[in-house]
Structures are given as C-alpha cells and as structure tokens.
Amino acid sequence: MTTSLLLSLLFSFLILASAANFNQDIDVTWGDGRGKILENGNLLTLTLDKFSGSGFQSKNQYLFGKIDMNIKLVPGNSAGTVTTYYLRSEGSTWDEIDFEFLGNLSGDPYIVHTNVYTQGKGDKEQQFYLWFDPTKDFHTYSLLWNPQRIIFSVDGTPIREFKNLESMGVAFPKSQPMRVYSSLWNADDWATRGGLVKTDWSKAPFTAAYRNYKADACVWSSGKSSCSSTSPSQNSWLSQELDITSQQRLKWVQKNYMIYNYCTDAKRFPQGLPKECSVH
C-alpha cells in the first residue's frame, strides 16, 4: 500500500470518526414513521405529506457549543414547506437560536430565516437568500454559541453574528441548556410570500435529508457541564470570534444576500429600534 493511499484511508477514517451517528445521538420524536434513520446511522430523512410532517431532537442538552449539520433541502416546488434546524431550551421563558428554511416555487430561491430568542422573546429576524441551490447537494449549516456571541454560518461563511450586549441591557441566552431540534412541516399560511402561495400536495411527499451531525459542545447533565473551567483551551469555540477575513465575508453576505433585517425596520418599531441595532 502506498503512503498516499494509506494517508487517504486514514483521513477518510478520521472524517467518519468525527461525525456523530444519528442512532446514538438523535431521537426521531414525531411523524409516525416519516422520520427515518438510514445507512447505519449516517443518514436521516424527514418527510412531509398531507397528513403530517416529522421531526427529531438531540439526546443531549448543551450549554454552549458549535453545532454542524449537513442538510439537503426539499427540491422542486417546496412552496408552503418549512425545514427548521435550531437550538431551544424548555419551559415558557425559553431561549432559542433559529435556522428556518422557507420553501418556494420551483426556480425561486429558498429564504433562510434566522432569529434569536431570550426568555421567550424573539423579534430579531434576519432573512437571506443563498448563493447556491441548497436542494442539489448537502451543505453545512452551523450554529456557534458561546458566552460572547452567536454566529450563524453556511459552509463556513458567517451570515449573521449576534453579540452578547448585556452591558447595554440586551438579553442574551447563556443560562438555559438547549437541545438541537429539526422538523419539516407545512406552514403555507405564512411561509411563502406571506401565505399567498400554498403547498401543492400533488408534489408530496416532500423530503429533507441530513448527514454529519457534529456537536462540539458542553453537554449539560444533572445540573453540570461536561466542559472544564480549568482547561478552556480544549474548546476553542468557547472563545471564538470572527477574524478579519470572516468579518469581510459576513459583510459580503449581508450586502448581497440579506433581504430582511429587523434593525432597519423602523415601521415595526415606532418607539425606536432595539438597543442592539446600534451595534449589530
């Protein structure tokens, strides 16, 4: 065996070892068989038909982490459907960090909807188009959540940063452990053009696919975190921030692909824009 082949096999093994197994890490929680774990735990599919959607959640809860998921969204005419991928805590004053993918008519772009909730209050929406067709292949959607900031990324390119501005009186999710959730469901009362375009059930079933779930995260169990406060260097994401290159890429996305920003919606906030808008 040549050295290059040996290295290639070793590299392939390391990639497989770093990706979580859905059987070990995920519970399909609803959908009556419409959510399926396949290929020995390496592939998960969610399906929506006229009777029900489907969804899953992580077995673990996390208090800070970097969560990656490869997702291939519903192809073709996906109008009226919503594929969600988010972190959320429990209870009536929950925290939540949201990716939602709003389907559209064939040929029209998906809308990526993002939001951050703290203590049950959101109203921090930003929406984007993507610079590729997210239905043709798997792409990596990442949520970085540490005590200083939340960063939403697509294929390693940041599209949004929400900073911890508690010093300005802005609430930030930092005390409630969250699970990873995902679902595929019908939201044709609002998802596509404000509900004007309805789901075409003749195109059902609709299917989204998932691979390579990875959680570099502090597991929260029995009131304790798996992360040691004495060795934070083991978790570089705990203090990660955007470097100069990443800041430039973020600006590029927001200039060319952002289609809604709550911080510029003065009509929505007649009493004045939220405090964080002066910084974000």
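Predicted model: local features only at pLDDT ≥ 70, side-chain atom pairs only at ≥ 80, totals over all residues.
1. Leaving out residues up to four places away in sequence, Glu 100 touches Val 82, Thr 83, Thr 84, Ile 111, Val 112, His 113 and Trp 190.

2. Strand 7 covers residues 96-102, and Glu 96 also has its place there. The UniProt annotation "active site", from an unreviewed entry, covers both Glu 96 and Glu 100. Please read that label with some care, as such annotations may be inferred rather than shown by experiment.

3. Is Glu 96 buried or exposed? Glu 96 counts as buried because its relative accessibility is 6%, and the cut-off for buried is under 20%. The side chain of Glu 96 is joined to that of Arg 88 by a polar contact of 3.0 Å. Arg 88 is also one of the residues in contact with Glu 96 once neighbours within four places in sequence are set aside; the others are Tyr 86, Leu 87, Asn 115, Val 116, Tyr 117 and Met 178.

4. Next, have a look at Gln 127, in strand 9 (residues 126-128). With 17% relative accessibility, Gln 127 counts as buried. The side chain of Gln 127 makes a polar contact of 2.9 Å with the side chain of His 113, and His 113 is also among the residues that Glu 100 touches. Not counting residues up to four places away in sequence, Gln 127 touches a set of residues including Leu 102, Ile 111, Val 112 and His 113, as well as Tyr 257, Met 258, Ile 259 and Tyr 260.

5. UniProt lists Asn 104 for "glycosylation site", again in an unreviewed entry. Where is Asn 104 placed? Asn 104 lies in the loop between strand 7 and strand 8, the latter being residues 111-117. Asn 104 is buried, with a relative accessible area of 12%. Apart from residues up to four places away in sequence, Asn 104 touches Gly 76, Asn 77, Ser 78, Ala 79, Pro 109 and Thr 192.

6. Now to the cysteines: how many disulfides does the structure hold? There are 2 disulfides, and with bonded cysteines counted along the chain they follow the pattern 1-2, 3-4. A disulfide is a covalent bond between the sulfur atoms of two cysteines.

7. The link of Cys 218 and Cys 227 is left-handed, with -100° about the S-S bond. Both Cys 218 and Cys 227 are buried.

8. Cys 263 and Cys 277 form a disulfide too, and their sulfur atoms are 2.0 Å apart. The link of Cys 263 and Cys 277 is left-handed, with -80° about the S-S bond. Cys 263 and Cys 277 are 14 residues apart, each in the segment after strand 16 (258-261). Cys 263 is buried, and so is Cys 277.

9. Finally, a word on confidence. The chain averages a pLDDT of 92, and 91% of the residues score at least 70. Over residues 5-18, however, the pLDDT is below 50. Beyond near neighbours in sequence, this stretch of residues 5-18 has 3 contacts in the model.

Note on methods
Residues numbered from 1 in each chain as written. Heavy atoms only, no water. Disulfide = S-S within 2.5 Å. Buried < 20%, exposed > 50% of the residue type's maximum accessible area, 1.4 Å probe, protein only. Helix = DSSP H or I, 4+ residues; strand = E, 2+ residues; numbered from the N terminus. pLDDT = per-residue confidence, 0-100. Contact = heavy atoms within 4.5 Å. Polar contact = N/O pair within 3.5 Å; in protein donor to acceptor, adjacent residues only side chain to side chain.
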